[in-house]
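Please work through the exercises below with the sequence and the model open beside you.

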Amino acid sequence: CPASPHHPAFNRWAAQQTPADLATCALTELGFIRVTSAALGFSIGDSRKLLQAFRRSGPRYLEKLPAPADILPGWASRHGHTTDAYLCAVSRLHSLQLATFDTGIKDPAALLLS
């Protein structure tokens, strides 16, 4: 979102990535649809079309995800930590990093964008 204070940092990071550097999964794709429709006012249909176009550009799709109870890291001690902790664990399993602006995520799999 151009109005976001993170917009310039995201664009700098994204310009250095190729589709082969990126991966998505059901959870991240649902987040994309939620944010683009809620924060940017896109229709769900338009959000889906954007996501489908992005997927055609070549990022990996992590189809099989482990059960959260099997991999959730110990630092997920509150309900607000569960999604971030799960995505960090999934990233680690696939030798990836979770790109984030959340300074509160203290996991080696998290890549803080600034």
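**Exercise 1.** Find the partner with which Arg-92 forms a salt bridge, and state where the two residues lie.

Solution. Arg-92 pairs with Asp-107, and their closest N and O atoms are 2.5 Å apart; a salt bridge here is a side-chain nitrogen of Lys or Arg within 4 Å of a carboxyl oxygen of Asp or Glu. The pair joins distant parts of the chain, since Arg-92 belongs to helix H5 (residues 82-93) while Asp-107 sits in the loop between strand E3 (98-100) and strand E4 (110-112), 15 residues apart. Helices (H or I, at least four residues) and strands (E, at least two) are DSSP runs, numbered from the N terminus. For accessibility, Arg-92 counts as partly exposed at 40%, whereas Asp-107 counts as buried at 8%; buried means under 20% relative accessible area, exposed over 50%, and partly exposed in between, with a 1.4 Å probe and protein chains only.

Before going on, note what kind of model this is. It is a predicted model, in which local features need pLDDT of at least 70 and side-chain atom pairs count only at pLDDT 80 or more, while totals for chains, interfaces and linings use all residues. Residues are numbered from 1 along each chain as its sequence is written, and side-chain values use heavy atoms, with hydrogens and water left out.

**Exercise 2.** Determine how many salt bridges the rule gives, and describe the one that involves Glu-29.

Solution. The count comes to 2 salt bridges. In the one with Glu-29, its side chain meets that of Arg-55 at 3.2 Å, N to O. This pair also links distant parts of the chain, with Arg-55 in helix H3 and Glu-29 in helix H2, 26 residues apart. Glu-29 is buried, at a relative accessible area of 10%, and Arg-55 is partly exposed at 34%. Arg-55 has a further contact, in that its charged end sits over the ring of Tyr-61, 4.1 Å from the ring centre; the criterion is NZ of Lys or CZ of Arg within 6 Å of the ring centre and within 35 degrees of the ring normal.

**Exercise 3.** Classify the aromatic pair that a search of the whole structure finds.

Solution. The search finds 1 aromatic pair. The rings of Phe-10 and Trp-13 have centres 6.0 Å apart and planes at 45 degrees, so the pair is tilted; rings of Phe, Tyr and Trp (its six-membered ring) pair if their centres lie within 6.5 Å, with planes under 30 degrees apart counted as stacked, over 60 as edge-to-face and the rest as tilted. Because Phe-10 and Trp-13 are 3 residues apart in helix H1 (residues 7-15), about one helical turn separates them. Phe-10 is partly exposed, with a relative accessible area of 37%, while Trp-13 is buried, at 19%.

**Exercise 4.** Locate Ser-95 and state whether its phi is positive or negative.

Solution. Ser-95 is found in the loop between H5 and E3. Its phi is near 55 degrees, a positive value in a residue other than glycine. Ser-95 is exposed, with a relative accessible area of 71%.

**Exercise 5.** Decide which elements have the lowest and the highest mean pLDDT.

Solution. For the protein chain, the mean pLDDT is 92, and 97% of residues reach 70 or more; pLDDT is the predictor's confidence in each residue, from 0 to 100. Among the elements, H1 has the lowest mean (88) and H5 the highest (97).
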